[in-house]
Amino acid sequence: MVINMGNQGTATCVVCGREYKACLSCKNQIRLKPWKSITDTMECYKIFLVITQYNNGYTSKEEARKQLEAIPYNEEILSESIRNKIKEIMSAPVEQPKKTANKSADKKKCEE
């Protein structure tokens with residue numbers, strides 16, 4: 001999060017770069033949702049979490065791709081660095097489901 005000194009009470013989302021109201025010095029901070037200290041929306045926070053987990057090696061590229069595909073977001077509003085990281089993650093090859101053996105052949109083997 002980037003706190004804007006010129007405009008007290010606002011911060012900049014680390015994912016999309018939009019300014020949002022985030023009073024971090026008042027007593028009501030306890031009621032402030034933790035994601036509000038980093039991002040402006042829950043969707044941005046979910047993207048932040050996926051990318052952070054991927055960058056730190058806790059999530060594979062394939063798993064990060066699956067997680068990102070489940071998050072509704074507009075790529076056009078994201079910062080350039082986030083868009084580039086998402087492109088990197090989304091370039092992971094899609095795993096094809098493994099083919100199972102012919103059931104009738106397996107059944108014959110079991111009967112013999």
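Which residue just after H1 takes a positive phi? Just after H1, that residue is Gly57, with a phi of about 80°.

The structure is a predicted model, in which local features need pLDDT of at least 70 and side-chain atom pairs count only at pLDDT 80 or more, while totals for chains, interfaces and linings use all residues. Residues are numbered from 1 along each chain as its sequence is written, and side-chain values use heavy atoms, with hydrogens and water left out.

The protein chain holds four helices and three strands, arranged along the sequence as β-β-β-α-α-α-α; helices (H or I, at least four residues) and strands (E, at least two) are DSSP runs numbered from the N terminus. Of its 112 residues, 26% are buried, where buried means under 20% relative accessible area, exposed over 50%, and partly exposed in between (1.4 Å probe, protein chains only). Contacts are defined by heavy atoms within 4.5 Å, and among those between residues at least 6 apart in sequence, 44% join residues at least 24 apart.

The largest nonpolar core has 18 residues, and those with the most contacts inside it are Val15, Ile47, Leu68, Leu78, Ile82 and Ile86. H1, H2 and H3 each supply at least two residues of this core, and H1 gives the most, with five residues. Such a core is a set of buried Ala, Val, Leu, Ile, Met, Phe, Trp, Tyr and Cys residues joined through side-chain atoms within 4.5 Å. Leaving aside residues up to four places away in sequence, Val15 touches Thr39, Cys44, Ile47, Phe48, Leu78, Ser79 and Ile82.

| Helix | Buried residues (under 20% relative accessible area) |
|---|---|
| H1 | Cys44, Tyr45, Ile47, Val50, Ile51, Tyr54 |
| H3 | Ile82, Ile86, Ile89 |

Seen down the axis of H3, its buried residues fall within an arc of 60°, so they line one face of the helix; the arc is that of the directions from the helix axis to the C-beta atoms. An α-helix has 3.6 residues a turn, so residues three or four places apart point the same way. The face of H3 turned away from its buried side carries the exposed residues Glu80, Ser81 and Lys87, whereas the cover over its buried residues includes H1 and H2.

H1 has 14 residues and reaches 20 Å from its first C-alpha to its last, close to the 20 Å expected at 1.5 Å a residue, the expected span being 1.5 Å times one less than the number of residues. The buried residues of H1 pack against H2 and H3.
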